[in-house]
Amino acid sequence: MKNIIFIAPPAAGKGTQSDLLVKKFGYEHISTGDLLRAEVASGSDFGKELYEIMNSGALVSDEIVTKLLENKLSTVSEPYIFDGYPRNIAQADILANLLNKLNKGECVVIYLDVPEDEATRRATGRLSCPNCNRSYHKYNESTRPKVEWKCDDCNTDLISRDDDTEETFRKRYQTYVENTSPLLDYYQGKGMLHIIHNPVVPEITSAEIEKIIK
Ligand code: AMP
């Protein structure tokens, strides 16, 4: 199985696809958003600073996120999924150097091409389990929890993210367009980019991903 870098607008389904890959193929899921949210949950002053930045829709500094990523990367084995990193060209260069330095295998880059209105709909409907991290969507038949607001796997109360309100989401989307979307040309130029257009049904998207990673 090949290592994966997911590039997509926020709420495009990276978390859902990562969950499926973890379950089916034993991928390690490396989400910088989750690593940052764990810092926020610790309640430290540093966590409070991070919360402000994340809730403004902006990006956390490359230095902070890279440090968290590097710590995590040293503890995981392949194959893994990068979800939410890189978020800009500087981070893409850092990641390439890091993988080289740690003697890790190459990645394929998978772009989930979801239009802004659809991404907004998904963000405002998404739920997650704070215990096992499983993602759900309250408007989608196939990814809705069986019991409202309860995790199917561990029965924990589900939560929605503070930065998934429509107002913050619009800012996050803008940040994505300005900072992250240039990565498409960057990875296209390196021959690493695979595009999945308008992924709607998670199982169909997952089958398309499988063709790329095998
Ligand atoms: P996510 O869960 O990937 O949507 O990330 C939530 C928030 O965490 C983002 O809106 C950013 O503020 C921050 N974040 C996550 N990953 C990165 C990254 N690679 N670089 C900078 N900020 C990040």
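User: How many Å from an oxygen atom of the ligand does a polar side-chain atom of Arg 37 lie?

Analyst: This is a predicted model, in which local features need pLDDT of at least 70 and side-chain atom pairs count only at pLDDT 80 or more, while totals for chains, interfaces and linings use all residues. Residues are numbered from 1 along each chain as its sequence is written, and side-chain values use heavy atoms, with hydrogens and water left out. A polar contact is a pair of N or O atoms within 3.5 Å; within protein, one must be able to donate a hydrogen and the other to accept it, and residues adjacent in sequence count only if both atoms are side-chain atoms. Here the polar side-chain atom of Arg 37 lies 2.9 Å from a ligand oxygen. Ligand nitrogen is also placed 2.8 Å from a polar backbone atom of Gly 84 and 3.1 Å from one of Val 60.

User: Which residues around the ligand come nearest?

Analyst: A residue is near a molecule if one of its heavy atoms lies within 4 Å of it. Of the 16 residues around the ligand, those that come nearest are Thr 32, Arg 37, Ala 58, Gly 84 and Gln 91.

User: How should I read Asp 83, and is it buried or exposed?

Analyst: Buried means under 20% relative accessible area, exposed over 50%, and partly exposed in between (1.4 Å probe, protein chains only). Asp 83, found in strand β3, is buried yet has no salt bridge, a term that requires a side-chain nitrogen of Lys or Arg within 4 Å of a carboxyl oxygen of Asp or Glu. The nearest side chain of opposite charge, Lys 14, is 4.5 Å away, whereas the side chains of Asp 83 and His 29 are joined by a polar contact of 2.8 Å.

User: Which residues of the largest nonpolar core touch the most other members?

Analyst: In soluble globular proteins, nonpolar side chains tend to be buried together. A nonpolar core is a set of buried Ala, Val, Leu, Ile, Met, Phe, Trp, Tyr and Cys residues joined through side-chain atoms within 4.5 Å. The largest has 29 residues, of which Ile 5, Ile 7, Leu 73, Phe 82 and Tyr 187 touch the most other members. Elements that each supply at least two of its residues include β1 (3–7), α4 (62–73) and α8 (182–189). Apart from it lies another core, of 20 residues, among them Leu 21 and Ile 212.

User: Where does Met 54 lie?

Analyst: Met 54 lies in helix α3 and is buried, with a relative accessible area of 13%.

Key
Helices (H or I, at least four residues) and strands (E, at least two) are DSSP runs, numbered from the N terminus. Lys and Arg count as positive and Asp and Glu as negative; His and the chain ends are not counted.
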